[in-house]
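Thanks for coming. I would like to walk you through one structure this morning, taking charged pairs, then the backbone, then the surface.

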Amino acid sequence: MRFSDIAHTCAQNLLRRKSRTILTVLGVIVGCCSIVLMISIGQGISEQNEQMLKSMGNLNDITVTAAGGSGAYDSSGVGMSSLSSSDMTSSDQQAKLDDAAVQTFRGISGVAAVMPQRSAQSTVDLTAGAGSRYVAQYASVMGTDMTQLEASGYKLVQGRMPRRAGEVLLGKYAAYQFMDKYRSDDDSRRIAPGDYECDENGCKESEGEKPFFDVLTTKLNLITGADYQSPDDYRKIGSTSMSSTDSGDGDGTASSQNPVVSMPLTVVGVLDASTNNYDAFSSGVVMSLEDMDTLQAKIDGKTNTTSRTKTNYDQVVVHAQNIKDVPGIEAQIKMSGYQTTSFEQTRKEIEKQSRGIQLALGGIGAVSFLVAAIGIANTMIMSVSERTREIGIMKALGCYVKDIRTMFLCEAGAIGLVGGLIACLISALGSLSINLLSFGGFSMENVGKAIMGGDDVSRISVIPWWLFVVAVLFSILVGILAGFGPANKAVKIPALDAIKNEQ
């Protein structure tokens with residue numbers, strides 16, 4: 001028999017008992033939907049966990065500090081004690097984070113960028129506007145290699161990269177750190193996008209207000225010093241009453257041995273917000289390492305402010321090309337005697353938990369599929385019993401045994417195929433409905449988010465394209481396996497006994 005004849009016969013036999021076929025297909029639909037939706041919820045949990053990790057920091061970043069260094073912070077501003085750190089390697093001499101170490105890290109396979117960083121060690125205040133009208137207390141100031149920013153995943157939302165001394169970048173939310181000295185305390189700040197506004201009706205997320213000034217057209221002045229302390233009253237920052245002969249007691253002054261230092265800054269670009277809204281890359285000042293050396297020399301009272309005298313860094317952020325390269329890179333750095341911090345161990349633990357949840361949910365759906373397989377087997381057994389005489393006639397006419405087996409297996413596979421296709425369609429609609437409900441209702445924007453997702457979108461149910469393919473193939477496979485026994489039974493029936501059968 002040609003395959004087209006087998007397929008035609010298969011369709012005729014399935015349509016001959018429509019009610020039984022429909023009920024069997026319905027069992028496959030229920031089982032397949034159960035598995036797809038359960039796995040999709042597990043995928044949604046994995047997506048939420050991944051977004052949670054991304055909100056804590058870049059998963060491709062490895063923060064390197066000198067062994068034994070305590071209190072170091074990673075590039076997202078999170079303390080090392082809150083993350084998984086590699087153990088210190090035993091070494092008679094502590095490895096230094098200097099230019100040589102940076103070059104070594106850049107030579108490791110899989111490294112996309114290496115960004116040495118050094119923070120201002122003294123208290124820093126910022127002023128802007130005529131008469132130092134706008135002030136920001138306790139500003140975060142970071143010196144880094146500007147040439148590595150783009151390769152490390154940082155992007156500009158405004159302006160350009162610094163080209164000359166004194167040119168700096170600001171974090172996206174840095175403008176919202178400034179207070180207006182001439183306004184009342186209740187109105188001295190601007191609300192940043194994403195902050196919450198509260199009134200008698202409750203709290204809601206704000207779309208943000210316009211900053212007091214345009215950072216790209218307004219000069220900034222940095223105020224610091226070895227003993228500098230920001231005044232308790234922010235209105236005193238930048239005022240002429242700040243004397244360099246008073247003691248540093250929280251009134252915006254410094255000692256006579258270590259006077260107040262000021263440094264003019266020109267903002268030429270605004271960085272997109274990093275994962276932590278309180279670090280320099282999000283709400284502070286990012287300058288070149290050369291400018292940081294100049295600032296530190298002024299603080300130390302050195303006359304030569306152009307040469308780089310300090311080559312040790314507070315930390316070095318190594319950015320891997322692929323998240324899979326992180327464990328190997330981290331292991332090599334650790335072997336060199338440095339302390340490393342990354343989210344790799346945390347990510348593995350969360351992935352392990354997610355796999356466990358997915359297996360549990362998939363197992364629940366598999367029970368329904370098992371019931372569907374039993375239904376297919378029952379349908380095929382009944383079909384063989386009802387068509388015993390037909391099978392005998394086919395054998396008497398010279399039909400090959402393999403064609404009879406193929407015919408029954410095709411019927412079982414067809415039930416799985418139709419049930420799988422319909423189940424995938426229903427699962428897609430069900431997943432879409434679940435996500436729309438979680439987003440607050442139907443809208444074209446919510447439909448796009450529910451289907452495509454996004455960096456700031458948290459979906460409950462996620463169905464990747466491969467899950468539909470696997471579901472259909474699995475349904476066909478289950479149908480064929482369930483029909484294999486009845487098909488073998490059909491080919492073993494003797495022709496004469498089958499013809500004598502009255503059914």
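Predicted model: local features only at pLDDT ≥ 70, side-chain atom pairs only at ≥ 80, totals over all residues.

A term before we start: a salt bridge here is a side-chain nitrogen of Lys or Arg within 4 Å of a carboxyl oxygen of Asp or Glu.

Take Arg133 and Asp180. Their side chains meet in a salt bridge, at 2.9 Å from N to O. Are the two partners buried or exposed? Arg133 counts as partly exposed, because its relative accessibility is 27%. Asp180 has 0% relative accessibility and therefore counts as buried.

Another pair is Asp187 with Arg183, where the closest N and O atoms are 2.7 Å apart. Asp187 has a relative accessible area of 31%, so it is partly exposed. Arg183 is also in the partly exposed class, at 28%. Through shared partners, salt bridges join Arg133, Asp180, Arg183 and Asp187 into one network.

One more salt bridge, between Arg164 and Glu167, has an N to O distance of 3.1 Å. Arg164 is exposed, with a relative accessible area of 54%, whereas Glu167 is buried, at 6%.

Now the backbone. Ser132 counts as buried because its relative accessibility is 16%.

Further along, the loop between E5 and strand E6 (141–144) contains Tyr138. This residue is not a glycine either, and its phi is positive, at about 50°. Tyr138 has 54% relative accessibility, so it counts as exposed.

Next, a contact between separate stretches of sequence. Ala66 and Ala95 are 29 residues apart in sequence, and their C-alpha atoms are 6.1 Å apart in space. Ala66 belongs to strand E1, residues 61–66, and is buried, with a relative accessible area of 17%.

At 38% relative accessibility, Asp195 counts as partly exposed.

Last, the annotated spans. An unreviewed UniProt entry carries the annotation "transmembrane region" for residues 21–42, 359–385, 406–434 and 463–484. What does the model show over residues 21–42? That span is 100% helix and 0% strand, with its end C-alpha atoms 32 Å apart. For residues 463–484 the figures are 91% helix and 0% strand, and the end C-alpha atoms lie 31 Å apart.

There is also a nonpolar surface patch, made of Trp465, Trp466, Val469, Val470, Leu473, Phe474, Leu477 and Leu481. Together these residues have about 850 Å² of accessible area. Trp465, one of them, lies in helix H11, residues 465–491. With a relative accessibility of 66%, Trp465 counts as exposed.

That is the end of the tour.

Note on methods:
Residues numbered from 1 in each chain as written. Heavy atoms only, no water. Buried < 20%, exposed > 50% of the residue type's maximum accessible area, 1.4 Å probe, protein only. UniProt positions renumbered as here; feature names shortened; annotations may be inferred. Helix = DSSP H or I, 4+ residues; strand = E, 2+ residues; numbered from the N terminus. Patch = residues over 30% accessible without salt bridge, like charges linked within 9 Å, V, L, I, M, F, W, Y side chains within 5 Å. Areas by Shrake-Rupley, 256 points an atom, 1.4 Å probe, with all protein chains shown as cover.
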